[in-house]
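Let's talk through a few helices and the charged pairs on them. Have a look at the model first.

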Amino acid sequence: VGIVIDAIRTSEIVDALAPQSGEIVIKKSRYSGFAGTPLDQLLRSRGIQYLLFLGVATTVCVESTIRDAYFLEYWPILIADATMQAGPPSIQEATLFNVEHFFGWVTTSEALARALQGA
């Protein structure tokens, strides 16, 4: 079961990424998907430890959620080529560095697909 985090400010989710039947949608009103939402409870009740991160505003929303995930003892995995920064490319590079060295792992969509196929 997938869990989709959607900013309340967003008017629509792109059709190709729309939640599938049975997926849970978490509405958030802060940068982090954990702040003021039931996300932690939903993940823990399902025994989920590893979290894949992709989305827009790597340097703000994605990084905030990754940091909170790390502090809550999850294993955050940032999909670098499935994110987009809010600002110049150097900010994206800084976030990738921070995640890789301090808060989790960084990979690419291709490497993730290979790993999942081999599992």
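Q: Is Glu-63 buried or exposed?
A: This is a predicted model, where local features need pLDDT of at least 70, side-chain atom pairs count only at pLDDT 80 or more, and totals for chains, interfaces and linings use all residues. Residues are numbered from 1 along each chain as its sequence is written, and side-chain values use heavy atoms, with hydrogens and water left out. Buried means under 20% relative accessible area, exposed over 50%, partly exposed in between (1.4 Å probe, protein chains only). Glu-63 has 10% relative accessibility, so the call is buried.

Q: What covers the buried residues of α2?
A: Helices (H or I, at least four residues) and strands (E, at least two) are DSSP runs, numbered from the N terminus. The buried residues of α2 are Thr-58, Thr-59, Cys-61, Val-62, Glu-63, Thr-65, Ile-66 and Ala-69. Their cover, counting contact as heavy atoms within 4.5 Å, includes β2 (24–28), β3 (50–56), β4 (75–84) and α3.

Q: How are α2 and α3 oriented relative to each other?
A: The axes (lines fitted to C-alpha atoms, for helices over the stretch in contact, with angles from 0 to 180 degrees between N-to-C directions) of α2 (residues 58–71) and α3 (residues 89–103) come within 11 Å and cross at roughly 5 degrees. Angles under 35 degrees count as roughly parallel, over 145 as roughly antiparallel, 65 to 115 as roughly perpendicular and the rest as oblique. So α2 and α3 are roughly parallel.

Q: How many salt bridges does a search of the whole structure find?
A: Besides the Arg-67 and Glu-63 pair, Arg-44 meets Asp-40 at 2.8 Å, N to O. Arg-114 also pairs with Glu-110, at 3.0 Å. Over the whole structure, the search finds three.

Q: How far apart along helix α4 are Arg-114 and Glu-110?
A: Glu-110 is exposed, with a relative accessible area of 55%. Helix α4 covers residues 109–118, and Arg-114 and Glu-110 are four residues apart in it, so their separation is about one helical turn.

Notes. A salt bridge is a side-chain nitrogen of Lys or Arg within 4 Å of a carboxyl oxygen of Asp or Glu.
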